[in-house]
Amino acid sequence: EVIELEEGALATSGCEEQLWDIEDTTYTHIINPLTGAMLKVENGMVHKVTVRAPTCALADALATATMACEAFEDASIFADEIKEEYDVDFWIETWDIKQ
């Protein structure tokens, strides 16, 4: 997808390159700050987030925070709340694992 950008910045946070298999479960390098647990790779869990914001620092912080939401529904709620307060856009992708 092409995202046109005239002002501001884009940042992406994702976990497709840093994965660990531990006892038949795959985990990402991202840690849930509330539980201290590594995020699992499962269908419906957040895989990658891109944020457009007025500054790169804000875009990066929001992309990382959205990743920590884990489930798509929680990430979407977080993004909707943030959109109301700041001039930002979110693109949230989830894992779609074929078994």
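Student: How far apart are the end C-alpha atoms of H1, and what should its 12 residues span?
Tutor: The end C-alpha atoms of H1 are 17 Å apart. At 1.5 Å a residue, its 12 residues should span 16 Å, which agrees. The expected span is 1.5 Å times one less than the number of residues. Helices here are DSSP runs of H or I with at least four residues, strands are runs of E with at least two, and both are numbered from the N terminus.

Student: Which residues of H1 are buried?
Tutor: Ala59, Leu62, Ala63, Thr66 and Met67. Down the axis of H1 they fall within an arc of 135 degrees, so they line one face of the helix. The arc is that of the directions from the helix axis to the C-beta atoms. Buried means under 20% relative accessible area, exposed over 50%, and partly exposed in between, with a 1.4 Å probe and protein chains only.

Student: Why would residues three or four places apart point the same way?
Tutor: Because an α-helix has 3.6 residues a turn.

Student: What covers the buried residues of H1?
Tutor: The cover includes strands S1 (9-14), S3 (25-31), S4, S5 and S6, along with H2. Contact means heavy atoms within 4.5 Å.

Student: And H2, which of its residues are buried?
Tutor: Ala75, Ser76, Ala79 and Ile82. They cover an arc of only 130 degrees around the axis, which puts them on the same side of H2. On the other side, Glu73, Glu84 and Glu85 are exposed.

Student: What do the buried ones pack against?
Tutor: The buried residues of H2 pack against strand S5 (46-53), helix H1 (56-67) and strand S6 (89-94).

Student: New topic. In what order do the elements run?
Tutor: From the N terminus, β-β-β-β-β-α-α-β. That comes to two helices and six strands.

Student: What share of the residues is buried?
Tutor: Of the 99 residues, 33% count as buried.

Student: Where is confidence lowest, and where is it highest?
Tutor: This is a predicted model, where local features need pLDDT of at least 70, side-chain atom pairs count only at 80 or more, and totals for chains, interfaces and linings use all residues. Residues are numbered from 1 along each chain as its sequence is written, and side-chain values use heavy atoms, leaving out hydrogens and water. pLDDT is the predictor's confidence in each residue, from 0 to 100. Confidence is lowest in strand S4 (residues 38-40), at a mean of 86, and highest in H1, at 94. For the protein the mean is 88, and 96% of its residues reach 70 or more.
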